[in-house]
Amino acid sequence: MKGRILVVVVLTAAALAVAVLTVGASAAPAQVRPPTTTTPAPDPADVAAGYELYQIACTTCHGARGEGVEDRGPSLVGVGAASADFYLSTGRMPLDRPRSQAERKKVAYSPVQIRQLVAFVASLGPGPPIPDVDPAAGNLAEGNRLYANNCAPCHSSAGAGGALGRAVYAPPLNRATPVQVAEAIRVGPGAMPVFGPEALDDDQVNSIVRYVEYLRHPDDQGGLGLGHLGPIPEGFVAWVVGLGAMLMAVRWIGTKD
Amino acid sequence: MTRRLLRWVDERLGASHFSRKAIDKIFPDHWSFMVGEIAMYCLVILIVTGVYLTFFFVPASEEVVYHGPYKALEGTRMSAAYASTLDISFEVRSGLVMRQMHHWSALIFMAALVVHMCRVFFTGAFRRPREINWVVGVTLFILSMMNGFFGYSLVDDLLSGTGVRVGYSIALSIPIAGEWLAFLFFGGEFPNTEFITRFYVLHVLLLPALIVGLLGAHLAILWRQKHTQFKGPGRTEDNIEGSRLWPSYAAKSVGLFFIVTAVVAALGGLAQINPVWLYGPYDPTQASAATAGSQPDWYVGWLDGALRIMPGWEIRAWGHTIANPFFPGALLPGVTFGVLYAWPFLERRFTKDREAHNLLDRPRDAPVRTALGMATLSFYTILFIAGGNDVLASLFKVAPEAITNLFRILIFVAPAVTFFVTRSACRSLARDKVHPFGGSVGSRVRRTPSGGYEEIDEHDPAPEVGAIRADLVTEAYRPPPQS
Amino acid sequence: MGGRPGSHADGRALDRNQRLMPDERGMPAEGRIGVLLIISTVAALGLALVYIGGGQPQAEGALLGISLGGIGVALILWARGLSTEGTVTAERGPLGGDPDDEEVVEERIEEVTDEPGRRSVLKLFWAAGGALALSAVFPIRSLGPAPGQSLLETAWRPGARLVDDNGRPVRVDTLPVGGTLTAFPQDAEHAADSQVVLVRVQEHLLQARPGRDNWTPQGNVAYSKICPHVGCPVGLYQADTHELLCPCHQSTFDVLDGARPRFGPATRSLPQLPLSVDREGFLVAQADFDEPVGPAFWNRG
């Protein structure tokens, strides 16, 4: 019996050590964000319920009161409702295992629970609120221009995503909702830079969101989109489909000896 | 009726003697000899669709404001060239199909050229007396690659504009003459308003004229020397076996033209290529940047891959710099094409074979040539794949650094391994006639007089007296020869 | 001339592909050709209708492909039927010409060069022709301006304000920490060699190079956006590792260490623009870059 307890303790310690070493390597330092004053005060019932949920899954990495744990998880003080909502509603948090980059995956909480957790995190300190997004109020061509200048370098012209350094990548945007897009712009999750209201005002964000929504179903008048990845799939199709069909034709026309 | 027409022409041009010889001219029928024709017909498609596009394309860098059907670019400033491309795509009826056929045809054209060049190389068709045609062919290859680059850069979209910038910088990196070369060729510091018009002249006038002229020479030389043929029963260095030009070969060739055009037409309408409206206009003065996943068209991919895997080395001495892009961007292609040009003469020197050859080698008959060719192909294939290192990195969720370092190793290892594997495979194929990877599919057996079966030894196939030969039994009935 | 109907020149049977025979399903070849041509005609008419009706790329491509393909396949099938003699063989004949012809040509050419007086005149012809050819190359000079100083300087001047791509001047606190934008010199926004990427980091993280201590007011640091490799805009900023990444060939620059290249083919750091703050709180350049921007060249030094 003692032996078994010892084994369990050792394994748990080992697992924690592994978690610390790998998650710690990827934890980003906290970024200070300008405080905002337009957030309506969160419902205290939500805050309390959020705190209960927080105790269950988040304290290991983010600390008992969101102050962060060195080499494990950043401080959540001042990250704002936008950040919490972004990470939770895309399923990036909670991390299922230590990773170099938090990725979109199956959402772990119901919308009510997310609202509660967001309320709790927002109560920790002033930070960007969940943006008020109105894609219809945005201008498509202006959004195109802003997207090309600010977003396309990492996310590619068609929103297909792209590689950055050190095994980090800019994700494809086809599954992001308008609110999530705006949140990411304001929060700068992970490797993404922060675009504050001084750099991109709310109208410009609306336009960018409108364009990103357009990119989910871009104008493919030319036919099959081939993933919108550019010359690589095009070259592949040219060789395999185009030249392939022609080579089959000459095999049929000519002799084989 | 035909006779009257022929006589009318003959009285004026005296062509009947030539026509009589031409009609009977023999062309060998092997399927691999038609790959060059595929390329030629792609060129025809390029010219026909290209002429159509020139009626609508505006080769000018003047800035215009777009007001057209594509709403996502409404009010955007762009060059007239880019705007005219949008018009072709969205406002000219059948314009998009023409544009896409033009671009698909260019990609397939280059692919067919590579396969054709490989066929000529691996069968030794470049040997005497065909060295001149090899040189003409390599020149056609280089000119076609350049013409493709200029062509897709004309559109002045974000992706191709990035490529023009890279080309400019490579020119700049050439020692001693680089700055002048870049400034004279492109018309000044990058970017400027000159280069679109220049690329247009090159792409529409100068290079096509050279290509068509050299293609004419290529075909004329082929006509004069007659095509090569594979070894086989009844074929010698002094004869030629195939079908006659008229009607057989001509009909097959025209039929191939229709099939090639059909494939290009189907792709041109059904598979989108180069959706420049998604990339947006190239505007280096604004913040618009190159994007992740920027690759050139496939046939330039090997150059881009070389630029990517080249480590950050540079030569700096006595106040001068030989910049890093020079080595993969100018020196590598220079060496590549130099070796290509020189190959028939190099091979002749090393094999001491100065005979004329009208019979082709099977690749296995020349193990060193085949192995060197495969090693070279593997070298350029590694470079070509390296051109997509960031796409591979995001596909496999690994760091681009890791992929790049992997290719830096593979670029040496892969050709070496390929050389030795290929050479030994050729030798074993030539010796044993057994595929080195698979062994024999089966064996031939014969019935012994006592009723059992025994395997026929390939090296000693003499049957026992009275034994029944299995291969005789399976051959289809043929009518007896008529005397 | 070898060959007889239905076989190769040496008596080998023609393979299936080369004989025109009804296939096992019993349809004669002419029937197949007919069907193909009818399909092709219908497709061509369909194509015309689609065009008249306004055009639709996928329909146009598909119908054109069917129409062309039908004719092509029909032609091949027909070609097999036309050939009644299978493959034929003939002698190649020698390539080289008559040695007498060669001799006569050689003599006639050398007639001109043989006499001594003629030879020196010929040399003068070569010399004159060569000089003409050389001077005829000179109009190429008109193709572009002399490089001069243009590669060595940009449009940045002392005191020039930074403006963003909307033309708005950038304040020292426009960017939050972790933010980035592209900036240009005011009144020279279209100078393509002058674009800079402005990044804001936590000041204590910056390791300023010697002499650059006052180049980064409140953590704002500006580097030339033009990659020193082949000139692509270095537009990817990885905020967590403070690295600028060039998308073309993956050169990576450390923002905290003067944009030193950490990986990739770039051999030099991105030139840094010295910044300061003017009286109204806007970011300005102290001077032009202290080295040429963009890709290297022979005379860069």
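## Chain C at a glance

Accessible areas here come from the Shrake-Rupley method with a 1.4 Å probe, and for residues only the protein chains shown count as cover. This is a predicted model, where local features need pLDDT of at least 70 and side-chain atom pairs count only at pLDDT 80 or more, while totals for chains, interfaces and linings use all residues. Residues are numbered from 1 along each chain as its sequence is written, chains are lettered from A and ligands numbered from 1 in the order in which they are written, and side-chain values use heavy atoms, with hydrogens and water left out.

Chain C has 4 helices and 12 strands. Helices (H or I, at least four residues) and strands (E, at least two) are DSSP runs, numbered from the N terminus. Of the 301 residues in chain C, 46% are buried; buried means under 20% relative accessible area, exposed means over 50%, and partly exposed is in between (1.4 Å probe, protein chains only). Take the contacts in chain C with a separation of 6 or more: 55% of them are between residues 24 or more positions apart. A contact means heavy atoms within 4.5 Å.

## Chain A

Chain A is built from 10 helices and 2 strands. Reading from the N terminus, the order is α-α-α-α-α-α-α-β-β-α-α-α.

Its 257 residues are 47% buried, and the accessible surface of chain A is about 12100 Å², with 64% belonging to carbon and sulfur atoms. Among contacts in chain A with a separation of 6 or more, residues 24 or more positions apart account for 62%.

## Where C meets A

The area buried between chain C and chain A is about 2600 Å², and carbon and sulfur atoms give 50% of it. Buried area is the accessible area (1.4 Å probe) that two parts lose on being put together, summed over both.

There are 2 salt bridges between chain C and chain A. A salt bridge is a side-chain nitrogen of Lys or Arg within 4 Å of a carboxyl oxygen of Asp or Glu. Glu243(C) forms a salt bridge with Arg166(A), and their closest N and O atoms are 2.6 Å apart.

## Salt bridges inside the chains

Over all chains, the whole structure holds 32 salt bridges. One of them joins Asp202(A) and Arg186(A), at 3.0 Å from N to O. Asp202(A) sits in helix α9 (residues 202-216) and Arg186(A) in helix α8 (residues 178-187) of chain A, 16 residues apart. Buried or exposed? Asp202(A) counts as exposed because its relative accessibility is 53%, while Arg186(A), at 11%, counts as buried.

In chain B, Asp361(B) pairs with Arg127(B), the closest N and O atoms being 3.4 Å apart. These two are 234 residues apart: Asp361(B) lies in the loop between β8 (359-360) and α14 (367-386), and Arg127(B) in the loop between α5 and α6 (131-154). Asp361(B) is buried at 10% relative accessibility, and Arg127(B) is buried at 10%. Both belong to a network of salt bridges that also links Lys231(B), Glu347(B), Asp365(B) and Arg369(B). Over in chain C, Arg161(C) meets Glu280(C) at 2.6 Å, N to O, and Glu280(C) counts as partly exposed at 48% relative accessibility.

## The nonpolar cores

A nonpolar core is a set of buried Ala, Val, Leu, Ile, Met, Phe, Trp, Tyr and Cys residues joined through side-chain atoms within 4.5 Å. In the largest one, with 107 residues, Ile38(B) and Trp134(B) touch the most other members. Helix α5 (residues 95-122) of chain B gives the largest share of this core, 17 residues.

Setting aside neighbours within four places in sequence, Ile38(B) is in contact with Leu243(A), Met246(A), Leu247(A), Val250(A), Ala112(B), Leu256(B) and Val260(B). A second, separate core has 34 residues, including Leu140(A), Ala176(A), Tyr66(B) and Leu73(B).

## A helix out in the open

Helix α1 (residues 2-13) of chain B lies largely in the open, because 0 of its 12 residues are buried. After α1(B) comes Gly14(B), whose phi is positive, near 60 degrees.
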